[in-house]
Amino acid sequence: MSNAPKMDHAYDGIEEFDNPLPGWWKWLFVASIVYSPFYFIYYHGGGEGRSLSDLHSVALAENSRRQFGEIGDLQPTEEVLAYYMHEPRWVGVGESVYRTHCISCHGREGEGKVGPNLTDEHFKYINTLPDIAKVINEGAGNGAMPQWAGRLHPNEVVLVSAYVASMRGRNIDGRPPEGKQIPAWPEPPGEAP
Ligand code: HEC
């Protein structure tokens, strides 16, 4: 039983205690209301670089810089691509770029959807490893394949190209082969070019 005073009404014999919310609770409530406009203006009022999504982009960029610090600025040459397509850790970075930007058109496993199957031996625009980076940078088919230069870090282009190169020959069921059969990729150089 509560010692709180009773409210002075009763309905069908049901009475109600007068139990106010604790003072600290009410003040927390008031304080959060008073705080909210300042929070809103600070984080959502258009101040450059303050929104959560801006902070997230900054953190992502910072993370890539730290990661890419180790490998420097990669050029999409035959040797660089042949080397990195056999480096699981860096192919993994390429794979995460692929998962973020390419699945919608090329399928989860590269089996093809709107875009061609990337796991067979046939390609429309590709003969050599650097052609992969070229198609990714410049796009193809009048924008059916979008242009990624400027939207991806140059190292991301190289690493996603390495990932695409590594998918060849998995022959995942999907779109039928398009284009022509191309020569095998070259052997990787013994050490980082
Ligand atoms: C909006 C859909 C779309 C997205 C997103 C997309 N592609 Fe494509 N891609 C295409 C289409 C369509 C083609 C074929 C264009 C043509 O046939 O002219 C293509 C072609 C290619 C080719 C050349 C294939 C060949 O046979 O020569 C490669 C490699 C490629 N894309 C890689 C990627 C990568 C890597 C990404 C992510 C960074 C990506 N694509 C994102 C639609 C897309």
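**Exercise 1. Which helices each supply at least two residues of the shell around the ligand?**

Solution. The model is predicted, so local features need pLDDT of at least 70 and side-chain atom pairs count only at pLDDT 80 or more, while totals for chains, interfaces and linings use all residues. Residues are numbered from 1 along each chain as its sequence is written, and side-chain values use heavy atoms, with hydrogens and water left out.

Step 1. Helices are DSSP runs of H or I with at least four residues, strands are runs of E with at least two, and both are numbered from the N terminus.

Step 2. The helices asked for are α5, α6 and α7.

Step 3. Around the ligand there are 21 residues, and those that come nearest are Cys 102, Cys 105, His 106, Tyr 125 and Met 145. A residue counts as near if one of its heavy atoms lies within 4 Å of the molecule.

**Exercise 2. Describe the protein donors of the iron atom of the ligand and the arrangement around it.**

Solution. Step 1. Donors are N, O and S atoms within 2.8 Å of the metal (3.2 Å for Na, K and Ca); water is not among the atoms, so sites may look incomplete.

Step 1. The protein contributes NE2 of His 106 and SD of Met 145, at 2.0 to 2.1 Å from the iron.

Step 2. The six donor atoms subtend angles of 87 to 179° at the iron, so the arrangement is octahedral. For six donors, that label requires opposite donors over 155 degrees apart and all others between 65 and 115.

Step 3. His 106 belongs to helix α5 (residues 103-106), while Met 145 lies in the loop between α6 (129-138) and α7 (154-167). The pair is 39 residues apart and links distant parts of the chain.

Step 4. Both His 106 and Met 145 are buried. Buried means under 20% relative accessible area, exposed over 50%, and partly exposed in between (1.4 Å probe, protein chains only).

**Exercise 3. Which N or O atoms lie 2.5 Å and 2.3 Å from an oxygen atom of the ligand?**

Solution. Step 1. A side-chain N or O atom of Lys 124 is 2.5 Å from a ligand oxygen.

Step 1. For Tyr 125, a side-chain N or O atom is 2.3 Å from a ligand oxygen.

Step 2. On the nitrogen side, a polar side-chain atom of His 106 lies 2.8 Å from a nitrogen atom of the ligand.

**Exercise 4. Is Thr 119 buried or exposed, and what does the side chain of Thr 119 contact?**

Solution. Step 1. Thr 119 is in the loop between α5 and β3 (122-123).

Step 1. Its relative accessible area is 0%, so Thr 119 is buried.

Step 2. The Thr 119 side chain makes a polar contact of 2.6 Å with the side chain of Asn 117. A polar contact is a pair of N or O atoms within 3.5 Å; within protein, one must be able to donate a hydrogen and the other to accept it, and residues adjacent in sequence count only if both atoms are side-chain atoms.

Step 3. In helix α7, Ser 166 has a relative accessible area of 17% and is therefore buried. The side chain of Ser 166 reaches the backbone oxygen of Tyr 163 at 2.6 Å.

Conventions: Tetrahedral: all angles 85-135°; square planar, octahedral: opposite > 155°, others 65-115°.
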